[in-house]
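Welcome! Please take a look at the structure below, and then follow this short tour of its pockets, its ligand and a few features of its backbone.

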Amino acid sequence: MSTRVAVVTGGNKGIGKAIVQALCKQFQGDVYLTARDTGRGQDAVSSLSSEGLKVHFQQLDINDHSSINAAAAFFKDKYGGVDVLVNNAGIAFKGADTTPFAIQAEVTLKTNYFATLDVLTHFLPLVKAGGRVVNVSSFVSVRSLNKCSPQLQERFRSEDITEEELTQLMQRFVDSTKKDQHKQDGWPETAYGVSKIGVTTLSKIQARRVSKERPNDQILVNACCPGWVRTDMAGPKAPKSPEEGAVTPVYLALLPAGATEPHGEFVSDKVVQAW
Ligand code: NDP
């Protein structure tokens, strides 16, 4: 049997690095820390190696098509695909940031939704039978969903929403912010929250698609919240350590062979949450 492989995006610090660390200890196979910046990625690899862990590195900037293409080709050639994919990379503007909201919306959606979608478009076909896909979303996705207009809520919760419709809705939010029209159009005042609505909804859509198109492959696709975690993104006051934040993503990445659930769920503290 070929060597199994796990890939984590945004692995050079924070929750991503802690996910890599935990996978190195628990996953039977090669673990790849990926990062957009090779220097920061290699530093993280060195620090994990100094703990005695065996970790591999691959450059991957999720905002860069050619970087995604190169990484996908690498895993296809070397491993014939991937067994575990953790989409952890993400950004958030600080609450005090004075960048105009429309810019924050465009930049945040670009990485958290559109770039994550781009990674999934290239990598989902590479996920092997028995594979696990984990998209790191946030509890903020649920809170923000509940602040959307009833019409938007209905679409995000519907079983028939497609990837194309979701992508159009995400783009509509960005366009709406440029006209300062987003509130009238039924959107909440949070670019990060909307981007994570996109991540959670996308996970559900792709889980349904995988079940339909590859019914015998036992692939499980889920979104999760790591909790509120002390990282550069969330600051020092958050209650969880990065290692604690990694627990739910790693649980979903390592769901045992033959498991049929959770699938297409939003999971927090290892428990399926209402959407
Ligand atoms: P950090 O800011 O500490 O780390 C984010 C990671 O994402 C970094 O490695 C960063 O790389 C990487 N990244 C950003 N943009 C890209 C890109 N274009 N390509 C590749 N990597 C990129 O954040 P956290 O560890 O806190 O967050 C990890 C995930 O968890 C995010 O998706 C976040 O939204 C989510 N989350 C976090 C919570 C928390 O409380 N911390 C709560 C809920 C969800 P670089 O160092 O190069 O910038």
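## Pockets, ligand and backbone

Let us begin with the second largest pocket, whose lining is made up of seven nonpolar, five polar and four charged residues. Before going further, please keep in mind that this is a predicted model. The volume of the second largest pocket is about 290 Å³. It is lined by 16 residues, and those closest to its centre are Arg4, Asp83, Ala129, Gly130 and Ala257. Which element gives the most to this lining? Strand β5, residues 127-136, does so, with four residues.

Now turn to the largest pocket, which has a volume of about 1300 Å³. Its lining counts 48 residues, and Gly90, Ile91, Ala92, Tyr192 and Met233 are the ones nearest its centre. Two or more lining residues come from each of α1, α4 (101-123), α5 (139-145) and α8. Of these, α4 has the largest share of the lining, namely four residues. By class, the lining of the largest pocket divides into 20 nonpolar, 17 polar and 11 charged residues.

| Pocket | Volume | Lining residues |
|---|---|---|
| Largest | about 1300 Å³ | 48 residues |

What takes up the space of the largest pocket? The ligand does. Around the ligand you can find 29 residues, with Asn12, Arg36, Tyr192, Val229 and Thr231 the closest. The shell around the ligand contains 12 nonpolar, 11 polar and six charged residues. Two helices, α1 (14-26) and α8 (191-213), each provide at least two residues of this shell.

Some individual atom pairs are worth a look in the viewer. A polar side-chain atom of Thr231 is 2.5 Å from an oxygen atom of the ligand. For Asn12, the distance between an N or O atom of its side chain and an oxygen atom of the ligand is 2.7 Å. With Asn63, the ligand takes part through a nitrogen atom, which lies 3.4 Å from an N or O atom in the Asn63 side chain. How much of the ligand's accessible area does the protein cover? On its own the ligand has 900 Å² of accessible area, and the protein covers 95% of it.

Finally, let us visit a few places along the backbone. Glu261 and Pro262 are joined by a cis peptide bond, with omega about -5°. You can find Pro262 in the loop between α10 (247-253) and β7 (266-268). Past β7, in the loop between β7 and β8 (271-273), comes Asp269. Asp269 is not a glycine, yet its phi is positive, at about 50°. Lys270 also belongs to the loop between β7 and β8. There, Lys270 has a positive phi of about 65°, although Lys270 is not a glycine either.

Notes
Residues are numbered from 1 along each chain as its sequence is written. This is a predicted model: local features need pLDDT of at least 70, side-chain atom pairs count only at pLDDT 80 or more; totals for chains, interfaces and linings use all residues. Side-chain values use heavy atoms; hydrogens and water are left out. A residue is near a molecule or strand if one of its heavy atoms lies within 4 Å of it. A polar contact is a pair of N or O atoms within 3.5 Å; within protein, one must be able to donate a hydrogen and the other to accept it, and residues adjacent in sequence count only if both atoms are side-chain atoms. Accessible areas come from the Shrake-Rupley method with a 1.4 Å probe; for residues, only the protein chains shown count as cover. On a 1 Å grid over the protein atoms alone, a cavity is a set of points where a 1.4 Å probe fits but cannot get out, and a pocket is an open set with protein on both sides within 12 Å along at least five of seven lines; lining residues have an atom within 4 Å of a point. A molecule sits in a cavity or pocket if more than half of its atoms lie within 2 Å of its grid points. Ala, Val, Leu, Ile, Met, Phe, Trp, Tyr, Cys and Pro count as nonpolar, Asp, Glu, Lys and Arg as charged, and the others, Gly among them, as polar. Grid points are joined across faces, edges and corners, and a volume is the space filled by probe spheres set on the points.
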